[in-house]
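Trainee: I would like to go through the terms used for this model and see what each one rests on.
Mentor: Then ask, and we will set each value against its definition.

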Amino acid sequence: MPIPTRELSITYGTYTVGGSASDKLLDGETAYEFTKRFDSFDLRFTFIVTATTESAFKTACDNAEAAFRQPFKNLTVTLGAQTLLSASQDSNTGLEIRSEIEMAEHVANTGRSRRYRVRISGGLPADNVTDA
């Protein structure tokens, strides 16, 4: 049976997981959870970083951890060519966007693979003017 194309991708700043990034696969257990409230959102996902050499693996882990330690980056979630979520500081569709990354013990953690949990949250512009 052929492996289905992975179309879901998440980009935070310039760092992308999922999609065609075969070395940063979204993990199937809790690959993507999204909560949207009146004035805020919360995105949670897990992904696995892999590499073929020790030095490439260390670099890949360092890059992942550095990418999600930066606040106020733009966030885009796409499914193929369709944008599911766009939270951008630049266009005021996402406010004070912050991320956190965590590596926890998991069977996917091996010599050259590591599973990360990421949470990205931010504010949303008010859109209930008629409620006043």
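Trainee: What makes β1 and β6 a pair?
Mentor: Two strands pair if DSSP finds at least two bridges between them. In this predicted model, 5 bridges join β1 (residues 8-12) to β6 (residues 75-79), so they pair, and they run antiparallel. L8, for instance, stands opposite L79 in β6. Strands here are DSSP runs of E, at least two residues, numbered from the N terminus.

Trainee: Which numbering and limits apply?
Mentor: Residues count from 1 along each chain as its sequence is written. As this is a predicted model, local features need pLDDT of at least 70 and side-chain atom pairs pLDDT 80 or more, while totals for chains, interfaces and linings use all residues; side-chain values use heavy atoms, without hydrogens and water.

Trainee: Why are β2 and β7 called edge strands?
Mentor: The open sheet of 4 strands has the order β2-β1-β6-β7, with antiparallel pairing. β2 (15-18) and β7 (82-87) each pair on one side only. The twist averages 15° from one strand to the next, with axes fitted as lines to C-alpha atoms and angles between N-to-C directions running from 0 to 180 degrees.

Trainee: Which strands pair with β9?
Mentor: β5 (residues 40-50) is joined to β9 by 11 bridges and runs antiparallel to it; D42 stands opposite S121 there. β8 (residues 95-103) also pairs with β9 in the antiparallel sense, over 7 bridges, and E102 has R117 as its bridge partner.

Trainee: What makes β9 mostly covered?
Mentor: Of the 11 residues in β9 (residues 113-123), 8 are buried, that is, under 20% relative accessible area with a 1.4 Å probe, protein chains only.

Trainee: Why does A108 count as buried?
Mentor: A108 has 16% relative accessibility, which is under the 20% limit, so A108 counts as buried. A108 lies in the loop between β8 and β9. A108 touches I48, S113, R114 and R115, not counting residues up to four places away in sequence; contact means heavy atoms within 4.5 Å.

Trainee: Which residues are closest to the centre of the largest pocket?
Mentor: R44, E102, R117, V118 and R119, out of 11 lining residues. β5, β8 and β9 each supply at least two residues of that lining.

Trainee: How many of the lining residues are charged?
Mentor: The lining has 6 charged residues, besides 3 nonpolar and 2 polar; Asp, Glu, Lys and Arg count as charged.

Terms used: Buried means under 20% relative accessible area, exposed over 50%, partly exposed in between (1.4 Å probe, protein chains only). On a 1 Å grid over the protein atoms alone, a cavity is a set of points where a 1.4 Å probe fits but cannot get out, and a pocket is an open set with protein on both sides within 12 Å along at least five of seven lines; lining residues have an atom within 4 Å of a point.
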